[in-house]
Amino acid sequence: MTDWDGFAEKLAEQLSTLSAGSVLIIREGGDKGRYAQFLQSEKGVEAELVGDHHLAPELRAGETGTGLIVAAGWQAPEDTVYGHNWWAELPWPSPSDAYRRLAGMTVTGLRDALRVTGPQALVYEAWDGRRGNRALVLPVLGLAAKS
């Protein structure tokens, strides 16, 4: 997959199907550290985009990237619940356009602010925290599972 728009559509679809207890982390392959993560609960989806605090200087969003992240709709990092990461929440249930908006925010953060080269640079890790951390296979994403 090389198309960010196609990835956003697939991410929105996949997020809308996660069951309570599901955790999804989408990260750049290797050890670079740029990622987004999602936790589905009975109340909704908690989403995070890695904050500059956790990144090497050359990977940080910086002032320009921060402006893009804010404009996309992410909430500013806090030192509390989200541990210096950008965050967003969706109530459950949410309409499909809310999942598309969250997926678009994620793409803006990864592509534009954090400069990930494309979806082909991403892998995913997913598990069900309510069922013994059983690995989840999420083929809709079109990404390789982290090995």
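# Briefing: a buried arginine and its chain

Arg 34 is buried, with a relative accessible area of 6% (buried is under 20% relative accessible area, exposed over 50% and partly exposed in between, using a 1.4 Å probe and protein chains only). This is a predicted model, in which local features need pLDDT of at least 70 and side-chain atom pairs count only at pLDDT 80 or more, while totals for chains, interfaces and linings use all residues. Residues are numbered from 1 along each chain as its sequence is written, and side-chain values use heavy atoms, with hydrogens and water left out.

**Arg 34**

- Arg 34 sits in the loop between strand 1 (22-28) and strand 2 (35-40); helices (H or I, at least four residues) and strands (E, at least two) are DSSP runs, numbered from the N terminus.
- Its side chain makes a polar contact with the side chain of Glu 28 at 2.6 Å.
- A polar contact is a pair of N or O atoms within 3.5 Å; within protein, one must be able to donate a hydrogen and the other to accept it, and residues adjacent in sequence count only if both atoms are side-chain atoms.
- The side chain of Arg 34 also reaches the backbone oxygen of Leu 114, at 2.5 Å.
- Not counting residues up to four places away in sequence, Arg 34 touches Ile 26, Arg 27, Glu 28, Val 50, Leu 55, Leu 59, Leu 114, Arg 115 and Val 116 (contact means heavy atoms within 4.5 Å).

- Ala 113 belongs to helix 3 (residues 96-113) and is buried, at 1% relative accessible area.
- Leaving aside neighbours within four places in sequence, Ala 113 is in contact with Ala 61, Gly 65, Leu 68, Ile 69 and Thr 108.
- Ala 113 and Thr 64 are 49 residues apart in sequence, yet their C-alpha atoms are 7.3 Å apart in space.
- Arg 115, one of the residues that Arg 34 touches, lies in the loop between helix 3 and strand 5 (122-128).
- Arg 115 counts as partly exposed, because its relative accessibility is 40%.

**Backbone features**

- Trp 92 and Pro 93 are joined by a cis peptide bond, with omega at about -5 degrees.
- Pro 93 is in the loop between strand 4 (86-91) and helix 3.
- Arg 115 is not a glycine but has a positive phi of about 60 degrees.
- Asn 133, not a glycine either, has a positive phi of about 60 degrees; Asn 133 lies in the loop between strand 5 and strand 6 (134-135).

**The chain as a whole**

- The chain has three helices and seven strands, in the order α-β-β-β-α-β-α-β-β-β from the N terminus on.
- A compact globule of 147 residues would have a radius of gyration near 15 Å, and the 14 Å of the chain agrees with that; the radius is taken over C-alpha atoms, and the globule rule is 2.2 Å times the number of residues to the power 0.38.
- The C-alpha trace spans about 40 × 30 × 30 Å along its principal axes.
- Of the 147 residues, 45% count as buried.
- Among contacts between residues at least 6 apart in sequence, 60% join residues at least 24 apart.
- The accessible surface is about 7400 Å², with 52% belonging to carbon and sulfur atoms; areas come from the Shrake-Rupley method with a 1.4 Å probe, and for residues only the protein chains shown count as cover.
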